[in-house]
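Me: Got a model open here and want to talk it through. Can you take my questions as they come?

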Amino acid sequence: DVTFPAERPGHVVVHAGRTVLFDDGTGTVLSLDSSSVSAGPDAGHVRGLTASTPHHGVGVELSDGILLVSEGDTEQRSGVRALDADGHELASSTQCPGVHGEAVAANESVVFGCEDGALVWADGGFTKIASPDADGRLGTLVGSDASDVILADYTATERTLAEGTSLVALIDTRAATM
């Protein structure tokens, strides 16, 4: 019966032996060694920070200690920041309106879903991949360390939503295409 207190629990992301918890109510990001999760909030090897403002967010820690954290507020989410192991900003992008969800691909390329496409972290920087139409929103993404391609849900238009049509997107992180 292990719990991690949160005002409003949000995303949990496991990658490279780290588990990152995001508290939507406070903007607190907690990263800990995945093998010590069962020890609870007092586990060793815990890294914490607080996003600039609370929001429905997500974070993922890479094997080199870089922490990618969404940015936004209670009204909107706008992008992602990359922080080094000491919490200093390495890069940021505000080109991901409505940022939601993440997936890690080969070479630790990370894709975040946006209301108008995807935002990719690769080779130390962010790249925006626009949706092929004006309404293309990505939110749920699935990846594999063995592939450069991420699978994502794709909402093309209000009409397709009303019709219940299901579409998917394939994001190639190496070619930066969708």
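Me: Is Val149 buried, exposed or something in between, and why?
Reply: Val149 is partly exposed, because its relative accessible area is 34%. Buried means under 20% relative accessible area, exposed means over 50%, and partly exposed is in between (1.4 Å probe, protein chains only). Bear in mind that this is a predicted model: local features need pLDDT of at least 70, side-chain atom pairs count only at pLDDT 80 or more, and totals for chains, interfaces and linings use all residues. Residues are numbered from 1 along each chain as its sequence is written, and side-chain values use heavy atoms, with hydrogens and water left out.

Me: Which strand is Val149 in?
Reply: Val149 is found in β14, which covers 149–154. Strands are DSSP runs of E, at least two residues, numbered from the N terminus.

Me: And what stands opposite Val149?
Reply: Asp172 in β15. β14 and β15 pair in the antiparallel sense over six bridges; two strands pair if DSSP finds at least two bridges between them.

Me: What sheet does that belong to?
Reply: An open sheet of three strands, in the order β13-β14-β15, with antiparallel pairing. β13 (141–142) and β15 stand at the edges with a single partner strand each, so one side of each is left without a neighbour in the sheet.

Me: Which residues make the nonpolar surface patch?
Reply: Val142, Val149, Leu151, Val168 and Leu170 make a patch of about 440 Å². β14 and β15 (167–172) each supply at least two of the patch residues. Patch residues have over 30% relative accessible area and no salt bridge, and nonpolar side chains (Val, Leu, Ile, Met, Phe, Trp, Tyr) are joined within 5 Å, like charges within 9 Å. A salt bridge is a side-chain nitrogen of Lys or Arg within 4 Å of a carboxyl oxygen of Asp or Glu, and the areas come from the Shrake-Rupley method with a 1.4 Å probe, where for residues only the protein chains shown count as cover.

Me: Switching topic: how many disulfides does the structure hold?
Reply: One. The disulfide joins Cys96 to Cys114, S to S 2.0 Å; the cut-off is a pair of cysteine sulfur atoms within 2.5 Å. The pair links distant parts of the chain, 18 residues apart: Cys96 is in the loop between β8 and β9 (100–104), and Cys114 is in strand β10.

Me: Is Cys96 buried or exposed? And Cys114?
Reply: Cys96 is buried, with a relative accessible area of 0%. Cys114 is buried too, at 0%.

Me: What does β10 pair with?
Reply: Strand β10 (residues 110–114) is joined to β11 by five bridges, antiparallel, and Gly113 stands opposite Ala118. The two form a hairpin with two residues between them.

Me: Why is β11 largely enclosed?
Reply: Five of the six residues of β11 (residues 117–122) are buried, so the rest of the structure largely encloses it. β11 also pairs antiparallel with β12 (residues 125–130) over six bridges. That hairpin has two residues between its strands, and Asp123 in the turn has a positive phi of about 50°.

Me: Last one: what's the strand order in the four-strand sheet?
Reply: β5-β6-β7-β8, an open sheet with antiparallel pairing. The edge strands are β5 (59–61) and β8 (89–93). β7 (residues 77–83) and β8 share four bridges, and Arg81 has Ser92 as its bridge partner.
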